[in-house]
Amino acid sequence: MAHVRSLFFEGPLSEVENKALTAYKLGRPSDVIWNITNRCNLLCDHCYMAADGHALPDQISDEETIELITQRGELGEPLVFLSGGEPMMRRNFWEILETAHSYGMHVTVSTNATLIDREAAKRLKANGVDWIATSLYGPPHFHDAMVGVPGTHAKVIEAIKILREEGVGVALKSAVSKDTLPFIPHIIAKAKELDAQLVYLCDLITSGRSEGEEDARVTAQQWKELADFILEDLLDPESKTEYDVGALPSVIPYLAERLKERGVDVSNGLARLEVVSACPVGKGHMNINSEGGIMPCQFAQDWTIGSIRELTLTEAVQELYKLDQQEAKGICAPEACEYSRICRGCRTKAWQATGDAMYEDDTCLLMRLKKGEGAEAAGDGGHYERMPTSAAAPCVAPGACG
């Protein structure tokens, strides 16, 4: 997880990134992604936690949620991500949000946006929500099929328009898989059209409903073409779009190498990553699931180091820091890769594949490109034509319009 424009240029999240870095250096949680509920009103094909309409039996109580957010406020935690499931389905969602706001936290709400109307948008803004992060997987027919509920795409687009009118920042998210890849240009163009200032693209995590679907990941060549597309947009003086890449931290050193070739000084960004790294596991980054489990990464809901019922947040962050004191192995080891401490590899993929969080990340983009993976498929579903910043979202695949 790294905000590329803010890392290598002056981007819209530079201030927030600096606060997170300061918290990390002070030994505090730098940011917390909190799945306040596992309940959801959608049934996304690739959901890493297989969320549905039912709450888990040991979900933390309303009282525990307020106690937890109060602890975090008193610790001076700068960033909190309220996620789910669908967080707005939690009965005391607004109380949690209001408590966070009372401590001056920067809050992002990760939501499918189907529950956001004008009144909710105003209330989110009043409670200091900086960003709403919502998923878009492509044009209407494709998006609705992916999430399992007809009409969802229209609700998402309407919610984004309302949020921007009310002054709330919007990030568009999408998993990157063989299914979604042809629609990534559509999503980026749609973000520009709707003034959604951040695009989050996450390599497919094969857990939950996508468990065992490793073959659905795109090739290294396709990721390279996508990264090159992002690079051109970063270098476009007319573009202000921020990009965040999840679950494939090796994209960051790849982009750094390409930027250096284009004459961009990336030394400050790389120096920063030597402290925090592109994979945030063990770097003050904390995740809490709906049952109070404390996780190194939100994508691995069953990888926990304790519970909020057993550990204070200070104790928990110290346990998480222990992961950073270990060196990665194999192709991710310091002796094998100059970017070992800058990238770290995806620790969740290593853990899910082997049970060893320090094992090598065999999805490393740099290594896969060296091996020539996917070169024979160059351009298949991954050829991107740049759209003018003011352009409407294009029809990029058969049936994409509508």
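Colleague: What covers the buried residues of α6?
Modeller: First, a caution: this is a predicted model. The cover over the buried residues of α6 includes β4 (129–135) and α7.

Colleague: And which residues in α6 are buried?
Modeller: F142, H143, D144, M146 and V147 are buried in that helix.

Colleague: What comes just after α6?
Modeller: G148 does, with a positive phi of about 80°. G151 also sits in that stretch, in the loop between α6 (140–147) and α7 (152–165).

Colleague: Let me back up. How many helices and strands does the protein have?
Modeller: There are 15 helices and 10 strands. The radius of gyration is 20 Å, close to the 21 Å that the globule rule gives for 402 residues, so the protein is as compact as a globular protein of that length. Along the principal axes, the C-alpha trace spans about 55 × 50 × 40 Å.

Colleague: What share of the residues is buried?
Modeller: Buried residues are 60% of the 402. The accessible surface is about 15,900 Å², and carbon and sulfur atoms account for 50% of that.

Colleague: What about contacts along the chain?
Modeller: Take the contacts between residues at least 6 apart in sequence: 74% of these join residues at least 24 apart.

Colleague: New topic, charges. How many positive and negative side chains are there?
Modeller: The protein has 39 positive and 60 negative side chains, and the centres of the two sets lie 3 Å apart. The salt bridge count comes to 25.

Colleague: Give me an example. What does R123 pair with?
Modeller: R123 forms a salt bridge with E98, and the closest N and O atoms are 3.4 Å apart. That pair links distant parts of the chain, since R123 is in helix α5 (residues 118–126) and E98 in helix α4 (residues 93–102), 25 residues apart. R123 is partly exposed at 36% relative accessibility, and E98 is partly exposed at 34%.

Colleague: And which residue forms a salt bridge with E165?
Modeller: R118 does, with 2.7 Å between the closest N and O atoms. E165 counts as exposed, at 55% relative accessibility, while R118 is partly exposed at 34%.

Colleague: What about D324 and R341?
Modeller: Their side chains meet in a salt bridge of 2.7 Å, N to O. D324 belongs to helix α12 (residues 313–324) and R341 to helix α13 (residues 340–343), 17 residues apart. D324 is buried, with a relative accessible area of 11%, whereas R341 is partly exposed at 24%. Salt bridges with shared partners join K283, D324, E327, R341 and R344 into one network.

Colleague: Now the backbone. Which peptide bond is cis?
Modeller: The one from G84 to G85 is cis, with omega near 15°. G85 is in the loop between β2 (79–83) and α4. Most peptide bonds are trans, and most residues other than glycine have a negative phi.

Colleague: Where is A50, and what is its phi?
Modeller: A50 has a phi near 50°, a positive value in a residue other than glycine. A50 is found in the loop between β1 (31–35) and α3, and is partly exposed at 33% relative accessibility.

Colleague: And S277, buried or exposed?
Modeller: S277 is buried, at 4% relative accessibility. Its phi is positive too, about 65°, although S277 is not a glycine. S277 sits in the loop between α11 (267–276) and β8 (285–288).

Colleague: Last one. Where is E74?
Modeller: E74 is in helix α3 (residues 62–74) and counts as exposed, at 61% relative accessibility. E74 and Y103 are 29 residues apart in sequence, with 7.6 Å between their C-alpha atoms.

Notes:
Residues numbered from 1 in each chain as written. Predicted model: local features only at pLDDT ≥ 70, side-chain atom pairs only at ≥ 80, totals over all residues. Heavy atoms only, no water. Helix = DSSP H or I, 4+ residues; strand = E, 2+ residues; numbered from the N terminus. Rg over C-alpha atoms; globule rule 2.2 N^0.38 Å. Buried < 20%, exposed > 50% of the residue type's maximum accessible area, 1.4 Å probe, protein only. Contact = heavy atoms within 4.5 Å. Areas by Shrake-Rupley, 256 points an atom, 1.4 Å probe, with all protein chains shown as cover. Lys, Arg positive; Asp, Glu negative; His and termini not counted. Charge placed at Lys NZ, Arg CZ, Asp CG, Glu CD. Salt bridge = Lys/Arg side-chain N within 4 Å of Asp/Glu carboxyl O.
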